[in-house]
Amino acid sequence: MTPTRIFDILEEQKKYPKPDIFANRTGDTWRKFSTQDYYDIAHTIAYALLEMGLQKGDKVATIMNNRAEWNFMDMGIMLANMVHVPIYATLNEKEYKHILNHCDCKIVVTGVEAIYKKVEPILHEVEQKPEVFTIDVIEGKRNYQEIIDLGKTSASKWYDKVEENKKTISTEELATIIYTSGTTGNQKGVMLSHKNLCNNFMPLTEMQTLDHNAKLLSFLPLCHVYERTVCYHYQFLGASYYYAGGLGTIAKDIHDMKADGFCSVPRVLEMMFDKLYSVGKDLKGIKRMLYFWAFRVATKYDNYNKNWFYLLKIKIADQLVYSKWRAKMSGKEMIVVSGGSAIQARIIRLFTAAQVRVYEGYGLTETSPVIAVNNPKKRILKPGTVGEIMPGIEFKLADDGEILTKGHCLMMGYYKDPEYTKQVIDEDGWFHTGDIGTMVEGKFLQITDRKKEIFKLSLGKYIAPQMIENKLKESTFINNVMVIGENEKFASAIIVPDMNALHFWCAKHRVHFENNKEMITLPEVLKRIQREVDKINAQLSEHEQIKRFRLIADEWSPMSGELSQTLKLKRAVIYRKYDALCREIYNYDLKV
């Protein structure tokens, strides 16, 4: 059966009954839910929502960390012919207030107590006061179990209605509103239909080498359409989805559950890459030499190179090093899908050489989301590109290189914002992504930058900052970076150093300091970072080169506001935060 509504997945899963379709990490154990649990609980939630008096099209919001209950609510809401509004658990009060007011939700379901305490004060300021339930037990507050109990007692009353819904709900109907994390301004509510989502996740199943026997780890927010769509396609295949205890437990979770794969964003893979590199620094003598030889071989991996000597080196490196990396992970080959922003090609090469195969894809919330992806089944892997255009996606490049798309996966529009919808979807139905791309070898899409992020120097030359930033982040000494210089004579950079790498280097070279703020001002440290910048500058055109940089001791994250929920730079926020530093960089003539 080919699903045309999201809840059709529940029927498909009956082919592969299992005790662990989902599992929540609780301390050192996994709380597992069976295929039958999923089916029963989802229907029970649908009965409860109808018993509460909610009508077709009413909005139900969830604010919770990744857990099986998210999926139960998701399916239950749609079985009741209502609209799921998933909201990030890491937003600030202003963002919560905007979304809760804007979406008109009738019910809010939160996860852990910390999330409830963060949201509760805002609920008093929301115009339409929603009913609030919590998954975790909080004294004096309404609990999710009330929903389950109500659904059980009213099941016979609403059984026929839900069965009728399963037959009559149109694939064109609104299934969810997803508020885009964005990098500036208020979040927009993207309206996606069942057709949008089903037409996007089904082609992914045709590319997949994993099946119902697989177990996947999930740690990216399910409220983001990327993780959500991948979750749907694995559910359709009958694979198990295990939810990590948190970002800090990913490595342990992968090892404990023997994961066959996971979804990631470049920042997480960058941290894993840096961790592997750091391991080599602690080795001595021949072990260190062989480790970094294998590391260099991996970062030059080419899926299409069949030269016997090259393959021999890979085989030897695998026996000496890569197999040990896998043993620390799941102990077997894995498939990793990376999205959200551009990933460094050397990271894809390194992990793929170690049989942790990274397939980069590209898309937006507005496109449900996947537009292009590298193909695991065909073993199509072109580092530096996001793969081939997905089947069913209409695609073209505008004269300025902007990526345009339309088709079944294109959103219904922005909720309550037809004017902005018209701004991004032209009269011919083409959605303007705002991303600049090019085709490699006539079939692989390469993203070069965000259209709005490209800026012009005062000399008239254009700078694509993301490309330069990714090159700079190849340095083990650079954790994050933002390139600046709009309307200035030259490009500069604000750099967040990798403090661990600098600490190691300072200890090795007997450079003393009291704290990080002092360390990043030391001449020896500045010279060391300058060497890294010079190395990248040698690969750039003259006008693209970083002429000046400043180090900062801050850490950028979604919580502190510099990064979006998918760990992209919030450039406007960073510009405001470091306005004085930016002005100081360009406050004098630079002799070059």
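Modeller: On a 1 Å grid over the protein atoms alone, a cavity is a set of points where a 1.4 Å probe fits but cannot get out, and its volume is the space filled by probe spheres set on points joined across faces, edges and corners. The model is predicted, so local features need pLDDT of at least 70 and side-chain atom pairs 80 or more, while totals for chains, interfaces and linings use all residues. Residues are numbered from 1 along each chain as its sequence is written, and side-chain values use heavy atoms, without hydrogens or water.

Biologist: How much space lies in the largest cavity?

Modeller: Searching the whole structure for cavities of 30 Å³ or more gives one. The space in the largest cavity is about 50 Å³.

Biologist: Which element gives the largest share of its lining?

Modeller: Lining residues have an atom within 4 Å of a point, and among them are Arg267, Phe273 and Lys473. At least two each come from α14 (345-353), β23 (478-484) and α11 (266-281), where helices (H or I, at least four residues) and strands (E, at least two) are DSSP runs numbered from the N terminus. The largest share, four residues, comes from α11.

Biologist: What kind of pair do the rings of Tyr277 and Phe292 form?

Modeller: The whole structure holds 24 aromatic pairs, with centres within 6.5 Å and planes under 30 degrees apart called stacked, over 60 edge-to-face and the rest tilted. Since the centres of Tyr277 and Phe292 are 5.2 Å apart and their planes stand at 65°, the pair is edge-to-face.

Biologist: Is Phe292 buried or exposed?

Modeller: Buried means under 20% relative accessible area, exposed over 50% and partly exposed in between (1.4 Å probe, protein chains only). With a relative accessible area of 11%, Phe292 is buried.

Definitions and conventions
1 Å grid on protein atoms, 1.4 Å probe; cavity = no way out; pocket = protein on both sides within 12 Å on 5 of 7 lines; lining within 4 Å. Phe/Tyr/Trp six-rings, centres within 6.5 Å; stacked < 30°, edge-to-face > 60°.
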